[in-house]
Amino acid sequence: SGMIIPQASINKVGVISELSYYIDNSPTNNVLNNVKIYIGKTTSSTFTSTPAENMSTLATSPSDWVLAYDGSITFNNTSGWSKIELLKGFYYNNTNN
């Protein structure tokens, strides 16, 4: 699956070294294995095909994406923000989505 984060939600030039997600009521020790997070810049603001998160429809090439995380993520029976420390930082230009 994929997501597009609008420039206005980031609004800062620099290296992205972590992502945070709001988790609501995760089961204890909920482990997601083999998670890969790719990051890239795009001028697209929406996905243009079905399924809605089809990354190949964006105005950027998959070869331009950076593998920023490759591993497991554990959520532990809490509600709130959960951070994922990226293995590789991504330089963001504060222009694209």
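The model is predicted: local features need pLDDT of at least 70, side-chain atom pairs count only at pLDDT 80 or more, and totals for chains, interfaces and linings use all residues. Residues are numbered from 1 along each chain as its sequence is written, and side-chain values use heavy atoms, leaving out hydrogens and water.

**Stop one: the core.** Select Ile16, Ile37, Ile39, Tyr69, Ile73 and Leu86. Of the 15 residues in the largest nonpolar core, these touch the most other members. Such a core is a set of buried Ala, Val, Leu, Ile, Met, Phe, Trp, Tyr and Cys residues joined through side-chain atoms within 4.5 Å. Buried means under 20% relative accessible area, exposed over 50%, and partly exposed in between (1.4 Å probe, protein chains only). Now colour the strands (DSSP runs of E, at least two residues, numbered from the N terminus). β1, β2 (30-39), β3 (66-75) and β4 (80-92) each supply at least two residues of this core. The largest share, five residues, comes from β3.

Zoom in on Tyr69. Leaving aside neighbours within four places in sequence, Tyr69 is in contact (heavy atoms within 4.5 Å) with Val35, Lys36, Ile37, Ile84, Glu85, Leu86 and Leu87.

**Stop two: Ser82.** Ser82 is in strand β4. Is Ser82 buried or exposed? Ser82 is buried, because its relative accessible area is 18%. Not counting residues up to four places away in sequence, Ser82 touches Leu19, Ser20, Tyr21, Ile23 and Phe75.

**Stop three: Val13.** Go to the loop between α1 (7-10) and β1 (14-23), where Val13 lies. Val13 is partly exposed, because its relative accessible area is 48%.

Technical notes: Helices (H or I, at least four residues) and strands (E, at least two) are DSSP runs, numbered from the N terminus.
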